[in-house]
Every structure is written in C-alpha cells, then in structure tokens.
Amino acid sequence: MNPAQMVQQFHARFGLPAADTPVVPPGALARLRQRLLSDEVAEVAEAVESGDLRAIAQELADVVYVVYGTALTYGIDLDAVLAEVHRANMTKSGVAEGKAVKGPGFQPPDLSGILP
C-alpha cells in the first residue's frame with residue numbers, strides 16, 4: 001500500500017473528508033488542514049532541536065501523512081502532482097548553498113493535465 005492509499009483508508013475509516021474531484025474545501029475545513037500542516041511542521045522542528053532521530057523520523061512521517069490527507073481533502077492526486085514536480089526538478093541546473101537552482105534549461109511543472 002502506498003502513502004496515498006494508506007491515508008485514503010484512514011480517512012474512510014474515520015469518516016474524514018475525501019473529495020472525488022479537485023475542489024477547494026469550505027473555509028473552516030481549509031483552515032483546519034492548514035493548521036494540521038503547521039502543527040506537524042512545528043513538531044518536526046522540535047524533534048530536530050532535540051536531536052532525537054527516531055522522533056525526527058516519526059514527525060517527518062506525520063507531515064507526509066497530513067500532506068496526503070490534505071491532498072485527499074482537496075481531491076488532488078498528489079502522486080501525479082509529485083511526479084510532475086519531480087520531472088521539473090530534474091531540469092534544474094545544479095546546486096548552490098545546498099539548494100537546487102533553476103537554470104536556463106529549467107522547465108516548470110505543468111499541472112494542466114492533472115488539475116482543471
């Protein structure tokens with residue numbers, strides 16, 4: 001089972017929102033998903049600060065879980081989006097200060113075939 005399937009199973013089991021098609025959810029639900037994401041990222045920072053590798057691993061997994069749950073709530077096929085972003089990232093030209101940089105051959109992601 002891949003991450004998208006695991007999170008879909010979790011949402012189904014607990015009756016959590018899952019859109020069949022891409023949609024921006026109502027304000028309260030969108031704000032909840034944003035808060036969950038922010039909380040999880042903050043927990044990664046705390047784990048990093050503690051230097052506890054197991055805690056860091058768990059919190060990173062929690063971030064992925066919540067990201068996939070948010071995508072499911074929005075009806076976004078995150079695996080397809082991720083594949084397209086990866087394709088675009090592979091056209092970057094190199095690394096500066098630990099970050100991949102865009103060069104003249106960079107091709108930005110094209111999500112038109114994935115989202116309306």
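Residues are numbered from 1 along each chain as its sequence is written. Because the model is predicted, local features need pLDDT of at least 70 and side-chain atom pairs count only at pLDDT 80 or more, while totals for chains, interfaces and linings use all residues; side-chain values use heavy atoms, with hydrogens and water left out.

## Overall fold

The chain contains four helices and two strands, where helices (H or I, at least four residues) and strands (E, at least two) are DSSP runs numbered from the N terminus. Their order along the sequence is α-α-α-α-β-β. Taken along the principal axes, the C-alpha atoms fill a box of roughly 45 × 40 × 30 Å.

Of the 116 residues, 22% count as buried. Buried means under 20% relative accessible area, exposed means over 50%, and partly exposed lies in between (1.4 Å probe, protein chains only). Among contacts (heavy atoms within 4.5 Å) between residues at least 6 apart in sequence, 56% join residues at least 24 apart.

Helix α2 covers residues 27-50. Its 24 residues should span 34 Å at 1.5 Å a residue, and the end C-alpha atoms are 35 Å apart, which agrees. The expected span is 1.5 Å times one less than the number of residues. Just after α2, Gly51 takes a positive phi of about 75°.

The buried residues of α2 are Ala30, Arg33, Leu37, Glu40, Val44 and Ala47. What covers them includes α1 (3-14) and α3 (53-73).

Val63, in helix α3, touches Glu40, Val41 and Val44, not counting residues up to four places away in sequence. His11, in helix α1, is in contact with Leu16, Pro17, Arg33, Gly69, Leu72 and Thr73, leaving aside its neighbours within four places in sequence.

Leu36 is also found in α2. Leu36 and Gly94 are 58 residues apart in sequence and 33 Å apart in space, C-alpha to C-alpha.

Glu84 belongs to helix α4 (residues 78-89). Residues up to four places away in sequence aside, Glu84 touches Pro108, Pro109, Asp110, Leu111 and Ile114.

The table gives the accessibility of residues named in this report.

| Residue | Relative accessible area | Class |
|---|---|---|
| His11 | 2% | buried |
| Glu84 | 14% | buried |
| Val63 | 19% | buried |
| Leu36 | 26% | partly exposed |
| Phe10 | 32% | partly exposed |
| Tyr65 | 33% | partly exposed |

## Aromatic rings

A pair of aromatic rings is described by the distance of the centres and the angle of the planes. Rings of Phe, Tyr and Trp (its six-membered ring) pair if their centres lie within 6.5 Å; planes under 30 degrees apart count as stacked, over 60 as edge-to-face and the rest as tilted.

A search of the whole structure finds two aromatic pairs. The rings of Phe10 and Phe14 have centres 5.0 Å apart and planes at 50°, so this pair is tilted. Both residues lie in helix α1, four residues apart, about one turn of the helix. Phe10 also forms an edge-to-face pair with Tyr65, at 5.4 Å centre to centre and 75° between the planes. Because Phe10 lies in helix α1 and Tyr65 in helix α3, this pair ties together parts that are 55 residues apart in sequence.

## Largest pocket

On a 1 Å grid over the protein atoms alone, a pocket is an open set of points with protein on both sides within 12 Å along at least five of seven lines, and lining residues have an atom within 4 Å of a point. A volume is the space filled by probe spheres (1.4 Å probe) set on the points, which are joined across faces, edges and corners.

The largest pocket holds about 190 Å³ of space. Its lining has 13 residues, of which Ala4, Leu72, Ile76, Asp77 and Leu78 lie nearest the centre. The elements that give two or more residues to this lining are α1, α3 and α4, and α1 gives the most, with four residues.

By class, the lining has eight nonpolar, three polar and two charged residues. Here Ala, Val, Leu, Ile, Met, Phe, Trp, Tyr, Cys and Pro count as nonpolar, Asp, Glu, Lys and Arg as charged, and the others, Gly among them, as polar.
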